[in-house]
Amino acid sequence: MRIRLNTFLSALGPFVFLFAGCNSPEAVQNLPNIVLVMADDMGYECVGANGNVEYKTPNLDRLASSGIRFENCYSQPLCTPSRVKIMTGKTNARNYVNFEYLSPEEKTFGNLLKEAGYATCIAGKWQLNGLNHNYPGNQDVNRPNHFGFDAYCLWQLNHTRAEGERYANPLLIQNGTDLTRDENAYGPDVIADFLTGYMERNAGKPFFMYYPMVLPHDPFVPTPDSPEWASPERRYERDTVYFADMIAYVDKIIGQLESKLREKNIWENTLFIFTADNGTHRSVISTTQSGDVTGAKGQSINTGNHVPMIVSWPEKIKEGRTFEGMVDFSDILPTLADVAGIRPSAYFTDGESFYNILNGEKNRLGKEQVFIHYSPRWGTFKHNRWVMNGKYKLYRDGRFYNTSADPAEENPMTGLSKNEEKIKERFEIMIREKEMEIPFDQNDTEFKIQKYKE
């Protein structure tokens with residue numbers, strides 16, 4: 001029924017969004033600000049509040065202590081699949097066309113929140129125009145506006161990585177204009193200044209700020225707080241030793257954003273979400289209270305897509321707590337829609353809102369399991385589907401793992417207990433349901449499921 005309804009709504013196009021998404025001027029003025037920060041290649045294990053003992057993340061740790069620390073948040077294992085999923089609220093099986101691309105046919109949380117009355121901006125990493133594919137519009141500098149963002153400051157919108165990097169002497173485009181290159185500039189600082197400036201100009205009305213960070217993705221290079229930065233010739237010296245400095249800079253910018261929100265007296269009524277697009281790069285080993293963790297970006301093991309999520313909203317979240325239920329990136333869009341008072345008929349989603357968790361309501365324990373469809377279409381990473389909870393995982397080929405006891409997934413389980421048999425059976429039902437809805441072979445190495453969309 002949901003599919004048929006959404007097909008009807010899609011046919012009505014933007015009129016549905018105008019009708020179902022708009023709030024009255026009075027209601028708009030009372031909406032909370034929303035700041036969604038997504039770090040680049042920063043697994044769950046990189047945050048002190050999650051047990052890291054190597055990196056310095058005091059601002060994130062403090063937000064976790066006073067807000068909600070999500071124990072089981074799962075993205076996709078790779079950047080573009082995660083970006084497409086978080087922005088549209090849909091499983092990759094529906095709309096992930098190719099690496100570095102988001103189809104202009106899609107509606108994003110930017111579109112929804114703009115129609116609901118929010119001022120909207122995006123800053124950081126774009127990488128969604130299909131620069132390395134011969135797709136129409138891959139040089140379209142208005143694509144962020146098309147997806148609902150009034151203002152932007154972005155890397156990799158219409159320039160490839162080969163043309164200019166994101167850190168020292170960054171190549172950034174702001175609202176259609178290339179910023180002047182500066183060998184003494186640091187891309188994350190330029191982007192953070194754009195964001196705080198946006199807060200300054202829009203503090204009197206509700207705004208939605210989506211910040212897909214460029215940090216701490218490779219190349220692992222010095223930051224302005226690294227001693228090596230003082231030597232210009234060393235600013236692109238590559239070494240994983242700089243990863244710790246880059247994590248510290250992520251945290252520094254989080255503190256900078258919070259400070260500006262406090263300065264403008266809007267921190268209390270700002271929903272501030274920090275997460276990451278996928279696991280840490282495979283060359284990085286991080287030390288935690290439970291031992292060393294090797295990054296698994298791109299891989300289907302849990303360290304490939306188990307990411308941090310910390311949520312602060314002082315007006316609603318009065319004391320710090322940990323939420324152990326399951327959430328995945330498809331849940332972000334419906335949650336933001338709930339926060340903004342947008343009716344469910346305005347959008348299609350594969351996710352479930354966790355707004356009542358933020359509200360302090362006790363009747364939602366989170367999902368029992370999450371479904372992941374993964375078609376990377378980049379590198380040598382394998383295509384797969386699985387269902388998982390915080391302890392077990394079932395792949396579409398029948399392999400069943402206890403990921404708590406076997407995080408590297410080296411030994412498929414046999415001789416299951418009665419409880420494990422029930423869990424596996426429940427997972428199998430979900431796998432079958434998803435296969436009936438969108439067959440895996442219609443969206444593995446190539447996206448070819450137009451007739452299955454909604």
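How are α4 and α10 oriented to each other? The points below take up this question and then turn to other parts of the structure, which is a predicted model.

1. Helix α4, spanning residues 58-66, packs against helix α10, spanning residues 243-263, at an angle of about 60° and with the two axes 7 Å apart. Because an angle between 35 and 65 degrees is neither roughly parallel nor roughly perpendicular, α4 and α10 are oblique to each other.

2. On the α4 side the contact is made by P58, N59, L60, R62 and L63, while α10 contributes D251, K252, I254, G255 and E258.

3. An open sheet is formed by four strands in the order β13-β14-β15-β16, and the pairing is antiparallel. Since β13 (370-374) and β16 (400-402) stand at the edges and each has a single partner strand, one side of each is left without a neighbour in the sheet. With direction ignored, neighbouring strands of this sheet are turned by 20° against each other on average.

4. Within the sheet, strand β15 (residues 392-395) pairs with β16 over three bridges in the antiparallel sense, and L394 stands opposite F400 in β16. Helix α13, covering residues 418-437, packs on the sheet and touches β13, β14 (384-388), β15 and β16, its direction making about 40° with that of β15.

5. Helix α11 (residues 332-339) is mostly covered, with seven of its eight residues buried; these are I332, L333, P334, T335, L336, A337 and V339. After α11 comes G341, whose phi is positive, near 75°.

Note on methods:
Residues numbered from 1 in each chain as written. Predicted model: local features only at pLDDT ≥ 70, side-chain atom pairs only at ≥ 80, totals over all residues. Heavy atoms only, no water. Buried < 20%, exposed > 50% of the residue type's maximum accessible area, 1.4 Å probe, protein only. Helix = DSSP H or I, 4+ residues; strand = E, 2+ residues; numbered from the N terminus. Axes fitted to C-alpha atoms, helices over the stretch in contact; angles between N-to-C directions. Parallel < 35°, antiparallel > 145°, perpendicular 65-115°, else oblique. Contact = heavy atoms within 4.5 Å. Pairing = 2+ DSSP bridges.
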